[in-house]
Structures are given as C-alpha cells and as structure tokens.
Amino acid sequence: MQIRFSEFRMKEVINTSDGCRLGYVCDLELQLPEGRICAIIVPGPCKWLGLFGRDDEFCIPWECIKRVGEDTILVEITPDKCRRPKRRK
C-alpha cells in the first residue's frame, strides 16, 4: 500500500480502546536515513470551549496503529501515555 502524506492528513484517528475520536493526523515522526515512520502526531484536545489553542498533542507510535482505512486510522492506545507537550517552533 502506498499513500501520500496529503492523503494521510485527511484520515481521522480513532482509538479502538474506548471509541474516542482523537482528531486528524497533523504530522509524522520519521527515522532518518531509513525514512521509516516512527509515529503519527495528532493535535490534543482544545483548551477552553475550543478557544485559545492546544497545549498537548498525541504522539502515537507506529506499532499502535491497527488498521489504515479509506477514511480512518484505527489505533489502540492509552491517551494519557501518548500525550506530550506540543513542540514550540
């Protein structure tokens, strides 16, 4: 299966452990020089009423991805373990 990053970003990530919708892929972590995908990055929940941005993001290891479908990516994670502070530019 070959997929472009632009197509990957349009897929919604769903946690099969609790059925929670985590959001859409915003970034990837790659291992260079092999070019292997280590993890997908999904923005964390909004702060207050969807305003004021986001502080955290979910870093989901590739091993936790169970299935990549046409519209969704099914993962099996514990959200608290995959949450990390958002990197600042």
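P33 lies in the loop between strands β3 (27-31) and β4 (36-43); helices (H or I, at least four residues) and strands (E, at least two) are DSSP runs, numbered from the N terminus. The peptide bond that leads from L32 into P33 is cis, and its omega is near 10°. As background, most peptide bonds are trans.

The model is predicted: local features need pLDDT of at least 70, side-chain atom pairs count only at pLDDT 80 or more, and totals for chains, interfaces and linings use all residues. Residues are numbered from 1 along each chain as its sequence is written, and side-chain values use heavy atoms, with hydrogens and water left out.

**Overall composition**

The protein chain contains two helices and eight strands. Read from the N terminus, its elements follow the order α-β-β-β-β-β-β-β-α-β. The chain has 89 residues, of which 27% count as buried; buried means under 20% relative accessible area, exposed over 50%, and partly exposed in between (1.4 Å probe, protein chains only). Of the contacts in the protein chain between residues at least 6 apart in sequence, 40% join residues at least 24 apart, where contact means heavy atoms within 4.5 Å.

**The antiparallel sheet**

Two strands pair if DSSP finds at least two bridges between them. Five bridges link β3 and β4 in the antiparallel sense, and Q31 stands opposite R36 in β4.

**The mixed sheet**

A further open sheet of four strands has the order β2-β1-β7-β6, with mixed pairing. Its edges are formed by β2 (21-24) and β6 (65-68), each with a single partner strand, so one side of each has no neighbour in the sheet. The twist averages 20° from one strand to the next. Strand β1 (residues 12-15) runs parallel to strand β7 (residues 72-75), and four bridges join the two. Within this pair, V13 stands opposite I73 in β7.

I14 is also placed in β1. Not counting residues up to four places away in sequence, I14 touches G19, C20, R21, T72, I73, L74 and V75. I14 and I65 are 51 residues apart in sequence, with a C-alpha to C-alpha distance of 9.9 Å.

**Partly exposed residues and cysteines**

| Residue | Relative accessibility |
|---|---|
| I14 | 21% |
| C38 | 31% |
| C20 | 34% |

A disulfide is a covalent bond between the sulfur atoms of two cysteines. Here it is assigned to a pair of cysteine sulfur atoms within 2.5 Å, and the structure holds zero disulfides. For C38, the closest cysteine sulfur is that of C59 at 8.9 Å, which is too far for a bond.

Terms used: Axes are lines fitted to C-alpha atoms, for helices over the stretch in contact, and angles run from 0 to 180 degrees between N-to-C directions.
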